[in-house]
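Subject: Structure handover

Hello,

Here is the structure you are taking over. My notes on it follow below.

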Amino acid sequence: MWPEHLDVGAVRFARPTARFEEVLAFYRDVLGLPVLAEWRDHAGYDGAVFGLPGTPVHMEITQSGAPPRIPEPHPENQLVLYLRGAGARDAAATRLTGHGHRPVAPENPYWSEHGAAVFQDPDGWQVVLAPWVFGAEPPPGRRP
């Protein structure tokens, strides 16, 4: 239950990259997320905002500095897309592999145990394709 005192109308989370063009292509062209906004050299930043399911959820990718600065990859750097079943997971995975991306072992075995497919974006962030909708249904049983 969302707290009544936080009347939030939308959520956007942002992360930096030093590979803006490659990351933009991965999320826009390969994964197929819609670009809601994009800018170049605005106050020293390049950026793009991607739509996620539902209009109030967005992901922002930014690049700044010369050369661009980015934190080192970390196993907790991940985007989890909770999909509506194994067929939706397989369709997304097929699109990614069709663009030359291969599944990777997840940093956390939880994802494999529950049937998720995991890929990496150009920055090494894990993109988890989970075959259930968090909060609406339980994850599939532990896989052998």
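The largest pocket in this predicted model has a volume of about 240 Å³. Its lining is made up of Phe13, Leu52, Pro53, Val57, Leu79, Val80, Leu81, Tyr82, Leu83, Arg84 and Val133. By class, ten of these lining residues are nonpolar, none is polar and one is charged. Strand S5 (residues 78–82) gives the largest share of the lining, with four residues.

S5 also belongs to an open sheet of three strands, in the order S5-S7-S6 and with mixed pairing. S5 and strand S6 (117–120) are the edge strands; each has a single partner strand, so one side of each has no neighbour in the sheet. On average, neighbouring strands of this sheet are turned by 20 degrees against each other, direction ignored. In general, the strands of a sheet pair through backbone hydrogen bonds, and the pairing is either parallel or antiparallel. Here, S5 and strand S7 (residues 126–130) run parallel and are joined by five bridges. Within this pair, Leu79 lies opposite Val127 of S7. Leu79 is also one of the residues that line the largest pocket.

A separate note concerns Ser64, which sits in strand S4 (residues 57–64). Ser64 has a relative accessible area of 15%; buried means under 20%, so Ser64 counts as buried. Leaving aside residues up to four places away in sequence, Ser64 touches Gly44, Tyr45 and Arg69.

Regards

Terms used: Residues are numbered from 1 along each chain as its sequence is written. This is a predicted model: local features need pLDDT of at least 70, side-chain atom pairs count only at pLDDT 80 or more; totals for chains, interfaces and linings use all residues. Side-chain values use heavy atoms; hydrogens and water are left out. Helices (H or I, at least four residues) and strands (E, at least two) are DSSP runs, numbered from the N terminus. Buried means under 20% relative accessible area, exposed over 50%, partly exposed in between (1.4 Å probe, protein chains only). Contact means heavy atoms within 4.5 Å. On a 1 Å grid over the protein atoms alone, a cavity is a set of points where a 1.4 Å probe fits but cannot get out, and a pocket is an open set with protein on both sides within 12 Å along at least five of seven lines; lining residues have an atom within 4 Å of a point. Grid points are joined across faces, edges and corners, and a volume is the space filled by probe spheres set on the points. Ala, Val, Leu, Ile, Met, Phe, Trp, Tyr, Cys and Pro count as nonpolar, Asp, Glu, Lys and Arg as charged, and the others, Gly among them, as polar. Two strands pair if DSSP finds at least two bridges between them. Axes are lines fitted to C-alpha atoms, for helices over the stretch in contact, and angles run from 0 to 180 degrees between N-to-C directions.
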